[in-house]
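Work through the following exercises on a single protein model, and compare each step with the solution written below it.

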Amino acid sequence: MGIRRVQAELARKKFINMCLLNDKRRLETEVNCEGVQIFSDIPYMKDESTNHLLDYYLPKGFSFETDKCDKAFLVIHGGGLVYGTKELDRCFSTYLVGYSGIPVMNVNYSLIQENGLCGMLQDIIEAISFVKKEFGIRKIHLVGDSAGAYLALLVTGVMHDKNIRSDFNITVTSKVHIDSVNLISGMFRLTNKGYPDRSVIIYEANDAQDFKAPNYAFDLGLLVKRIVCPRATIITGGDDYLKEDSIYMHDLLLKEEVKSKFYCAETVIDVLNEKDIRIMAHVYPIANPTWLESRRAISMITANANRV
């Protein structure tokens, strides 16, 4: 095992332990949006892997059998490419469907140390194909947070551009349009000095798969210059450690003449009420979907899906 592989493994384990500690507390106290129908652990591939399960959430009284619907949100959880499951985004997803009235799909996928970057992308493409075949969905609105936002943009490129598909050796079997991308606290520059360990992780994981990621995989600004990007919503917070990535991406999308709406919520501290402290940290809408600022983010994502 080379020194860079050792560094990558140590960084990955440290990052995962930190996430497990933070997410355990949050998940234990979450309450899903009232009235939303929840369908859990649906296989989207014909194997028994838990990586290939999705949940879907429907508005109260909605049924695919009786109600016409050709669009859905597809939520891609974060976790630095090395950690996480759909359960991290379940509560947020129920509030997204509760507010928007649009079905929400929430997917698991292989992590990079398990199946490389190509495998991660292929999993999400397979989930999209399943959603079209199973539910008749023709328009997908991607929602990704942190590393999920990174994957959402790459998936958009794969779905819309045959050259991107060739770069990753990915097969797309269903014609589904990515109608919008909605990016929460996105991780868009893997070589950013703020998280060099993730750059090591992606290099090393891909080397192990005998695959060299193209340059734009390390800076998605290079990707959006190559593809026709759908309209976008960029969400961040004043205390989000990846705020500069969101600003970078929004400015670049506007330069490329992509319709992009930007929201940076600022931390709220009420000096008269010690309990009213809302820190707009990394992925705050995912962690706290009932906050006023999170509701605004959900409202913007909904408007983007409805072309408002």
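**Exercise 1.** Determine which element gives the most to the lining of the largest pocket, and describe that lining by class.

*Solution.* The element that gives the most is α1, with six residues, where helices are DSSP runs of H or I of at least four residues, strands are runs of E of at least two, and both are numbered from the N terminus. The model is a predicted one, in which local features need pLDDT of at least 70 and side-chain atom pairs count only at pLDDT 80 or more, while totals for chains, interfaces and linings use all residues. Residues are numbered from 1 along each chain as its sequence is written, and side-chain values use heavy atoms, with hydrogens and water left out.

Next, take the pocket itself, whose volume is about 460 Å³. A pocket is an open set of points on a 1 Å grid over the protein atoms alone, where a 1.4 Å probe fits, with protein on both sides within 12 Å along at least five of seven lines, and lining residues have an atom within 4 Å of a point. Of the 20 lining residues, C19, N22, D23, H282 and V283 are the closest to the centre of the largest pocket. The elements that give two or more residues to this lining are α1 (3-29) and α9 (284-287).

**Exercise 2.** Classify the ring pair of F39 and Y56, and state where each residue lies in the chain.

*Solution.* The structure holds seven aromatic pairs, a pair being two rings of Phe, Tyr or Trp (its six-membered ring) with centres within 6.5 Å, stacked if the planes are under 30 degrees apart, edge-to-face if over 60 and tilted otherwise. The centres of F39 and Y56 lie 4.6 Å apart with the planes at 10°, so this pair is stacked. It links distant parts of the chain, since F39 belongs to strand β1 (residues 37-43) and Y56 to strand β2 (residues 53-58), 17 residues apart.

As a further step, consider accessibility: F39 is partly exposed at a relative accessible area of 29%, whereas Y56 is buried at 12% (buried means under 20%, exposed over 50%, partly exposed in between, with a 1.4 Å probe and protein chains only). Both rings belong to one aromatic cluster, formed by F39, Y56, F62, F64, F130 and F135.

Notes:
Points joined across faces, edges and corners; volume = space filled by probe spheres on them. Nonpolar A, V, L, I, M, F, W, Y, C, P; charged D, E, K, R; others polar.
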